Amino acid sequence: MPVTHDASKALWRGLEPILCVGDDGDFRPGIIRWLEEIRTEVLDSEEHVLNMVAIHAQGMTYGTQSSVFETGIDDKLSLNMVMFRHDYAGIAAVVDVVKSTDKAVAALTMFVRNLQSAAGDHSGKTQEMADQIRESAYADLDLLFRDRLANFDESQDPRDVLQCMVG
């Protein structure tokens with residue numbers, strides 16, 4: 001079964017199942033595998049009109065017993081064609097940076113919760129404040145990640161480009 005996208009996350013935060021080939025097989029979406037095939041087998045030139053591709057994800061999630069509409073998904077992310085090559089080392093670097101970013105935001109929200117509790121706030125609003133901090137952090141990171149990912153190509157060292165994301 002394909003991995004479904006978590007509607008609470010921006011598309012760049014869910015790149016791993018879209019771009020990574022696992023040890024047990026290639027379960028990337030068919031369009032991604034097709035783009036890789038076009039780039040590697042059909043097009044001879046490295047410079048082509050298909051150097052940049054926008055992934056546009058649309059859909060919805062359902063609630064109780066799939067009878068209620070819960071959340072809508074409409075997100076777009078531009079990536080260089082190199083990101084669709086299953087053997088490109090930059091993909092692992094991107095996935096690692098996204099995972100590290102998620103851990104950092106989780107640590108920040110935990111810090112806020114602990115700080116509020118240490119200050120004596122036991123009103124139950126600590127979770128609400130932590131959620132606001134999480135949303136704000138991801139909102140601030142969103143444009144940075146989208147811009148860096150759109151401009152990420154083979155000519156750059158993945159560590160250098162991605163260090164700018166988290167550094």
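**The aromatic ring pairs**

Reply: Let's start with Phe-152, which is buried, with a relative accessible area of 0%. Here buried means under 20% relative accessible area, exposed over 50%, and partly exposed in between, with a 1.4 Å probe and protein chains only. The model is predicted, so local features need pLDDT of at least 70 and side-chain atom pairs count only at pLDDT 80 or more, while totals for chains, interfaces and linings use all residues. Residues are numbered from 1 along each chain as its sequence is written, and side-chain values use heavy atoms, leaving out hydrogens and water.

Rings of Phe, Tyr and Trp (its six-membered ring) pair if their centres lie within 6.5 Å; planes under 30 degrees apart are stacked, over 60 edge-to-face, and the rest tilted. That rule gives 3 aromatic pairs. Trp-12 and Phe-145 are stacked, because their ring centres are 4.1 Å apart and their planes are at 10°. Trp-12 sits in the segment before α1 (16-19) and Phe-145 in helix α4 (residues 126-150), so this pair ties together parts 133 residues apart in sequence. Both Trp-12 and Phe-145 are buried.

Now back to Phe-152: its ring and that of Tyr-88 have centres 6.2 Å apart and planes at 50°, so the pair is tilted. Tyr-88 lies in the loop between β2 (69-80) and α3 (89-118), and Phe-152 in the loop between α4 and α5 (158-166), so the pair ties together parts 64 residues apart in sequence. Helices (H or I, at least four residues) and strands (E, at least two) are DSSP runs, numbered from the N terminus. Tyr-88 counts as buried at 10% relative accessibility.

Finally, ring pairs join Trp-12, Tyr-138 and Phe-145 in a cluster.
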